[in-house]
Structures are given as C-alpha cells and as structure tokens.
Amino acid sequence: MAFWSDTYNNSSKDPKRGFKFKILFSGMVGGEPLVWWAKKVSKPSFDVTESKHSFSDKEYYFPGRLQWQTVSMTLIDPVSPIDVVGQTNKLITDAGYKINDPNQPLETMSKGRSVASLGDVQIIQLDSAGVAVETWTLNNPFIKNVKYGELSYESDDLVEIELELRYDWASCDTTTGGASIGAGTNFTR
C-alpha cells in the first residue's frame with residue numbers, strides 16, 4: 001500500500017525521514033556512550049563482486065564476495081561539551097599512533113587498539129517521536145580518514161570534521177517487521 005493513501009495516513013507511523021538520525025559511539029569519553037547529532041552520514045553499503053565465465057560466444061556471470069564499503073560522516077565541532085578535534089586526536093593516539101619521540105618506546109597502530117578506541121558505532125534512524133526504527137551497527141570499525149575542515153574569512157559556517165570509517169561488516173536491525181541483514185553474521189568470512 002502506498003504511503004500517501006488514506007489507510008497509511010491513519011496509521012501512527014510516518015515514512016522514514018533523512019533528517020531524523022543520530023550516531024552513537026560507545027568507546028568515547030571514558031567508556032560512556034556518546035551521541036553525536038551529526039550533520040550528515042552515509043549508511044552502510046556493499047558491492048557484490050562477480051566472476052565472468054566465457055563459453056563459446058556468450059558470457060555468464062556469477063556472484064562472488066560481498067564487500068562492505070566505507071561510511072562517511074560530517075560532524076560539527078562544538079568545542080563543548082565534547083571537543084571533536086580533541087576526541088578524534090585521542091582516538092588516533094589510543095589506536096597506537098605516537099609522534100616519534102626518542103624518549104618513548106616505538107609504537108604503531110593496530111587493528112585491535114583502533115577498534116577498541118572507537119568502540120561500537122551505531123547509526124540510528126528515528127521516527128517522529130524519536131524512537132529508533134532502523135539501527136545499523138558497524139562491526140570492528142576504525143577510522144580510515146579524517147579531514148579537520150576548512151577555515152575561511154569569507155564564510156560564517158560552523159567548522160565541520162569529516163570522518164571515514166572502515167569496518168568488517170554491518171548489521172541492521174529494523175523494528176518495522178522486515179528482514180534484518182547481518183544480525184550475528186560475519187559476511188567477511
């Protein structure tokens with residue numbers, strides 16, 4: 001049934017809206033979950049590789065592996081209560097990045113420390129009452145790319161920080177009764 005029909009208009013649910021979402025980071029600020037009302041985020045996506053088989057004058061294609069793509073998000077740097085630049089720098093340091101200091105032991109980044117510093121990341125889509133209707137969980141995420149924004153005397157815009165996250169697989173939980181993807185499944189194995 002179409003969402004613009006009379007039956008739908010009498011229901012208690014609106015269609016999902018692109019501006020009703022939040023991002024939850026579980027590993028930040030001393031282990032307390034942190035909600036960021038980000039400006040923009042891309043939902044998880046994937047590609048299915050293909051294998052081509054040529055036979056005579058025809059080509060046949062077979063599905064291959066499922067490969068999850070990175071997630072990009074744009075955050076505003078509010079300075080208070082959380083300094084996003086400071087928190088991002090702490091995440092990278094906790095992941096193992098150290099400035100070359102001859103007085104300190106040499107350390108490098110690792111996946112284990114990168115994943116532990118960020119914790120679980122969830123993209124939660126909300127309905128008009130603020131209730132979650134779709135929750136994407138990024139499994140084993142780590143920061144792949146950071147852009148600390150641009151400064152300009154010609155702009156009144158707020159400073160934005162862009163993060164790109166890599167993860168092993170994503171799980172999606174919907175409360176609408178539809179099928180969920182990835183729940184308890186590692187698609188990378």
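Residues are numbered from 1 along each chain as its sequence is written. Because the model is predicted, local features need pLDDT of at least 70 and side-chain atom pairs count only at pLDDT 80 or more, while totals for chains, interfaces and linings use all residues, and side-chain values use heavy atoms, with hydrogens and water left out.

Select residues 46–55 and then 58–68, which are strands E4 and E5 (strands are DSSP runs of E with at least two residues, helices runs of H or I with at least four, numbered from the N terminus). E4 and E5 pair in the antiparallel sense over nine bridges, where pairing requires that DSSP finds at least two bridges between the strands. Phe46 has Trp68 of E5 as its bridge partner, and in the hairpin, with two residues between the strands, Ser56 takes a positive phi near 60 degrees.

**The core.** Next, select Met73, Leu118, Val121, Leu138 and Leu165, the residues with the most contacts inside the largest nonpolar core, which has 23 residues. Such a core is a set of buried Ala, Val, Leu, Ile, Met, Phe, Trp, Tyr and Cys residues joined through side-chain atoms within 4.5 Å, buried meaning under 20% relative accessible area with a 1.4 Å probe, protein chains only. Among the elements that give two or more residues to this core are strand E1 (21–25), strand E6 (71–76) and helix H2 (84–94). Around Val121, show Ile23, Leu24, Phe25, Trp136, Thr137, Leu138, Pro141 and Leu165, which Val121 touches when residues up to four places away in sequence are not counted (contact means heavy atoms within 4.5 Å).

**The cavities.** There are two cavities of 30 Å³ or more; on a 1 Å grid over the protein atoms alone, a cavity is a set of points where a 1.4 Å probe fits but cannot get out, and lining residues have an atom within 4 Å of a point. The largest cavity, with a volume of about 50 Å³, is lined by residues including Leu91, Met109, Leu118 and Phe142, and helix H3 gives the most to this lining, with three residues. The second largest cavity, of about 40 Å³, has a lining of two nonpolar, one polar and five charged residues, including Asp14, Lys16 and Arg17.

**The pocket.** Finally, select Lys147, Glu150, Asp157 and Glu162, which are among the residues lining the largest pocket, whose volume is about 270 Å³. A pocket is an open set of points with protein on both sides within 12 Å along at least five of seven lines. Strand E10 supplies the largest share of this lining, three residues.

Definitions and conventions
Buried means under 20% relative accessible area, exposed over 50%, partly exposed in between (1.4 Å probe, protein chains only). Grid points are joined across faces, edges and corners, and a volume is the space filled by probe spheres set on the points. Ala, Val, Leu, Ile, Met, Phe, Trp, Tyr, Cys and Pro count as nonpolar, Asp, Glu, Lys and Arg as charged, and the others, Gly among them, as polar.
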